[in-house]
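Morning, everyone. Please bring the model up on your screens, and keep the sequence beside it.

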Amino acid sequence: IIFASNWQLQDFVNKLGIPQSEKLDVMENPIEPFEVVEKDKDKVNLIYFSTPHRGLEILVPVFERICERHENVHLNVFSSFKIYGWEDKDKDFEPLYEQIRNHPQMTYHGFKPNQELREFLNTAHIFAYPSIWTETSCRAMLESMSAGLVCVHPNLGALPETSGSLNIMYHSDMENKNTHANIFASNLLAAIKLIREKNQTNMINFNKVYVDSRYNIDFIKNKWNLMLKNLLTEYATEESRKIPKEMFRYKVG
């Protein structure tokens, strides 16, 4: 059984009682590293790119309040269930999308292909991600770190493991959205100050080296190849590859 993070593996073990054995393994989500580019020095660009139910409802009102005190900041939102083919689910978030469209310092882009998104990441300074979803990994955060963004997010689920506990990471009360919004706002303001004062260079350089090394697609590909070769050696015949009936005794509840 393959998991996207050690946190996810342990969650399955703890909740489903799956035995700790050599039959479990972790293969992280890979990224293609970004080239370093010069970013705008006059305006701070923030970006959110994930499905809306992961924290967009916290980000939008927080950013509205920040805009009351900061003029040269802009938020680009790439968010839609279209990425999963679930366009009907966007209807529930249409009022939030409209709120973004009507604000002069926010732009709603909906769903865009990864290549187009990567171009926007090269212009962004901050990945604003007040996640309320227990992530098993987070490729959006990895791509942001590789692209040289300062990332602001909570220590929820696998986010600490995936990020190496780097970035501007905070702890919050996930049961109280107002508390979460206030804590996120203070950390987001700290990130904006970091960009304005040009004190983020050491952070983003270190973070980029970390994710480009650990999550490089070539490195992850080699891990997969090694595991598959070992499996072919261990299970050399068709008969040996049949799944034992006792493997199906695990179920939720």
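Let's start with a term. Helices (H or I, at least four residues) and strands (E, at least two) are DSSP runs, numbered from the N terminus. Asn187, for example, is found in helix α7.

Now the ground rules. This is a predicted model, so local features need pLDDT of at least 70, side-chain atom pairs count only at pLDDT 80 or more, and totals for chains, interfaces and linings use all residues. Residues are numbered from 1 along each chain as its sequence is written, and side-chain values use heavy atoms, with hydrogens and water left out.

First, the overall picture. The protein chain has nine helices and eight strands. Its C-alpha trace spans about 65 × 40 × 30 Å along the principal axes. The chain has 253 residues, and 45% of them count as buried. Buried means under 20% relative accessible area, exposed means over 50%, and partly exposed is in between (1.4 Å probe, protein chains only).

Contact means heavy atoms within 4.5 Å. Take the contacts in the protein chain with a separation of 6 or more: residues 24 or more positions apart account for 71% of them.

Back to Asn187. Is Asn187 buried or exposed? Asn187 counts as buried, because its relative accessibility is 16%. Leave aside its neighbours within four places in sequence, and Asn187 is in contact with Val152, Ile168 and Tyr170.

Next, Leu117. Look for Leu117 in helix α4, residues 114–121. Its relative accessible area is 10%, so Leu117 is buried. Not counting residues up to four places away in sequence, Leu117 touches Ile47, Phe49 and Phe78. Leu117 and Phe78 are 39 residues apart along the chain, and 8.1 Å separates their C-alpha atoms.

On to the rings. A pair of aromatic rings is described by the distance of the centres and the angle of the planes. Here is the rule: rings of Phe, Tyr and Trp (its six-membered ring) pair if their centres lie within 6.5 Å; planes under 30 degrees apart count as stacked, over 60 as edge-to-face and the rest as tilted. How many aromatic pairs does this rule give? The count comes to 11. One of the pairs is Phe3 with Phe12, edge-to-face, at 5.1 Å centre to centre and 65° between the planes. Phe3 counts as buried because its relative accessibility is 3%. Phe12, at 32%, counts as partly exposed.

Tyr170 and Phe184 make a tilted pair, 6.2 Å centre to centre with 50° between the planes. Tyr170 lies in strand β8 (residues 168–170) and Phe184 in helix α7 (residues 177–196), so this pair ties together parts 14 residues apart in sequence. Both Tyr170 and Phe184 are buried. There is also a cluster: Tyr48, Phe49, Phe127 and Tyr129 form one aromatic group.

Now charges. Side chains of opposite charge can pair when their charged atoms come close. A salt bridge is a side-chain nitrogen of Lys or Arg within 4 Å of a carboxyl oxygen of Asp or Glu. How many salt bridges does a search of the whole structure find? The search finds 17. Among them is Lys223 with Glu28, at 2.9 Å from N to O. That pair links distant parts of the chain: Lys223 is in helix α9, Glu28 is in the loop between β2 (25–26) and β3 (44–49), and they are 195 residues apart. Lys223 is partly exposed, with a relative accessible area of 24%. Glu28 counts as buried, at 10% relative accessibility.

Compare two others. Lys41 and Glu38 meet in a salt bridge at 2.1 Å, N to O, and both residues are exposed. Arg139 forms a salt bridge with Glu143, with the closest N and O atoms 3.5 Å apart. Both lie in helix α5 (residues 139–146), four residues apart, about one turn of the helix. Arg139 is partly exposed because its relative accessible area is 40%. Glu143 is buried, with 3%. Finally, salt bridges that share partners join Glu28, Glu161, Arg214 and Lys223 into one network.

That's my tour. Over to you.
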